[in-house]
Structures are given as C-alpha cells and as structure tokens.
Amino acid sequence: MEIKKIGVCGCGQMGAGIAEVAAKAGVEVIAREVNDELLKKGLGRIEKSLSKAVEKGKLDEVGKKAILGNIHGTTRLEDLADCDLICEAIIENIDEKQKVWRSLDGIVKKDAIFASNTSSLSITEMAAVTGRTEQFLGLHFFNPVPVMKLVEVVKTMATSDVTYQAARGFAEKLGKVVVTCKDRPGFVVNVLLVPYLLDAIRAYQDEVATKEDIDNGMKLGCGHPMGPLELTDFIGLDTIYYIAEILFDEFKDHHYAAPPLLKTMVKAGYLGRKSGRGFYQYK
C-alpha cells in the first residue's frame with residue numbers, strides 16, 4: 001500500500017513537524033486543528049521552520065513554496081475522509097485521543113491506516129474504540145521532527161503485517177530510521193530515557209552536584225549532546241512528569257516515580273523552555 005495522502009490530527013509542535021516532513025517528501029497533507037486560531041499558529045510554525053531552512057541555504061524559495069503547496073489546513077475532521085493514513089498528534093490524554101479515533105473511524109475510508117504519535121499511552125486502548133484494530137499502530141516521531149531521524153513503529157497484538165510494512169515504508173520515505181517495538185508503556189526510548197532523567201533530577205534535588213555539573217558530566221563524560229536537565233527543559237517538565245506517572249502506574253518500579261522536585265516545579269509552572277523557566281531560565 002502506497003501512502004500518498006495523509007491527515008495529521010493536531011498541528012502543535014509535533015503535528016506541524018510531521019506535516020512538514022511529509023510534505024517535503026511529496027506527500028499531500030491535510031493538517032487539522034480544532035479551531036482557526038490554533039490552525040493558523042500551526043501552519044505558521046511550519047512556514048517559520050521552512051524559512052529558517054532557506055536562510056541556512058538548505059532550501060530555496062521555490063522548494064519552500066512547493067512544500068507549503070502540499071499542505072492544506074482544516075478544522076473539519078470530515079476533510080480527512082480520503083486520506084491513506086491518519087497520524088494523530090493531539091494532547092497526551094487517552095480519553096481525548098479515543099474521542100478523536102471514534103469520530104475518525106466513522107469518517108475515514110475503510111482501508112486507511114490509523115497511527116498515533118503518542119510517546120507513552122497504550123496503542124491497543126486507542127485501537128479498541130475503532131473497527132480497524134488490524135490497521136492501527138503507533139508512529140512515534142521525535143522532537144524536533146524535521147531534525148530527529150528516529151521513528152518508533154509500535155505494533156499491537158492485532159496490527160497486521162501489511163499495516164506494519166506500509167507504515168514502515170512511509171516513515172522511511174520521510175528519511176527516518178525505524179525501530180520496531182511492541183505496545184507497552186514507554187516503548188523503547190522513553191522506558192530507558194525517563195528513569196535516567198528522573199535520576200538526574202534526584203541527584204540535583206539531593207545536592208549531589210550543581211545542575212551545570214550534572215549536565216556537563218553527561219555531555220563530556222558520556223558524549224551526550226545535551227545534559228539530562230537541559231534535555232528535560234527541552235522536552236518539558238510537564239511531559240516528563242506525565243510520562244513518569246504512566247510508567248510508574250504500569251510497572252510500580254521506584255525508578256519511574258517522579259521526584260518531589262519535579263512535581264513541585266510543574267505545579268509552579270516551571271515547565272522548561274516552553275514557559276521560559278525550568279532548571280534553567282530562557283528568554
């Protein structure tokens with residue numbers, strides 16, 4: 001199955017990135033948001049990203065115009081009806097995701113593939129509210145999508161091989177490297193990454209070292225491009241806290257338990273780069 005047209009549900013940071021890389025690969029994209037304001041913001045995010053590529057000489061104006069021409073915005077789920085694949089990238093809330101999938105199942109053509117970009121929630125639970133469990137899987141892109149090469153393709157017990165091969169081929173068409181995993185909380189990357197980030201927060205909380213020394217230790221000692229506290233700021237403290245809660249609920253392992261400092265910072269609104277302050281301050 002060749003995927004020529006996709007619908008992206010949600011045009012936030014992740015959805016806009018997915019729409020951009022798909023459009024770059026010549027795929028027709030329908031980007032859907034819940035209202036005109038959010039849609040305008042999402043499409044503006046794509047235009048800004050492409051403009052930066054032009055400034056850096058990685059893209060010319062003709063190429064930018066062609067990419068933008070492949071993307072069409074909408075606030076109507078009905079406009080996704082004839083897409084070959086739907087990639088959902090809305091809020092990390094299982095109830096909201098299930099609500100969208102229920103609606104889409106009755107709208108989108110029956111042979112279309114459904115894929116969630118969730119980083120931690122159960123693909124199986126989402127698929128269960130549709131009539132196409134064999135055509136449902138996870139496509140977990142990484143932020144920022146235009147830069148990060150990895151995509152986790154997440155198979156449930158019901159995902160068919162035809163669906164898997166089509167989704168894998170799509171990700172590779174976008175220039176991504178695929179890792180395949182089964183449907184369990186955290187998949188491959190987050191189930192390994194999140195405990196590491198939480199341990200770094202505990203080390204800072206317990207005054208083992210300063211935040212700068214913790215980050216420099218991992219960058220210079222282990223060759224990481226970003227230190228763990230820098231990375232937590234980049235991802236978002238609220239996102240890490242939310243994923244930790246899901247993982248702890250599933251595995252009941254103290255390594256996945258959110259440190260008190262993380263919980264306090266999230267309650268205070270110190271969410272990292274997105275709020276201007278996390279472990280570090282940002283303009």
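Lys5, Glu28 and Asp82 are joined in a network of salt bridges, a salt bridge being a side-chain nitrogen of Lys or Arg within 4 Å of a carboxyl oxygen of Asp or Glu. The model is predicted, so local features need pLDDT of at least 70 and side-chain atom pairs count only at pLDDT 80 or more, whereas totals for chains, interfaces and linings use all residues. Residues are numbered from 1 along each chain as its sequence is written, and side-chain values use heavy atoms, with hydrogens and water left out.

Because Lys5 belongs to strand β1 (residues 5–9) and Asp82 to the loop between β3 (71–74) and β4 (85–88), the pair ties together parts that are 77 residues apart in sequence; strands (E, at least two residues) and helices (H or I, at least four) are DSSP runs, numbered from the N terminus. Lys5 is buried, at 15% relative accessibility, while Asp82 is partly exposed at 42%; buried means under 20% relative accessible area, exposed over 50%, and partly exposed in between, with a 1.4 Å probe and protein chains only.

The structure holds 16 salt bridges, including one between Lys97 and Glu92, whose closest N and O atoms are 3.3 Å apart. Here Lys97 is buried, with a relative accessible area of 1%, and Glu92 is partly exposed at 23%.

Thr118, in the loop between β5 (113–116) and α5 (123–127), is likewise buried, with a relative accessible area of 1%. Its side chain reaches the backbone nitrogen of Ser120 at 3.2 Å, and a polar atom of the Thr118 side chain lies 2.9 Å from the backbone nitrogen of Leu121.

Conventions. Polar contact = N/O pair within 3.5 Å; in protein donor to acceptor, adjacent residues only side chain to side chain.
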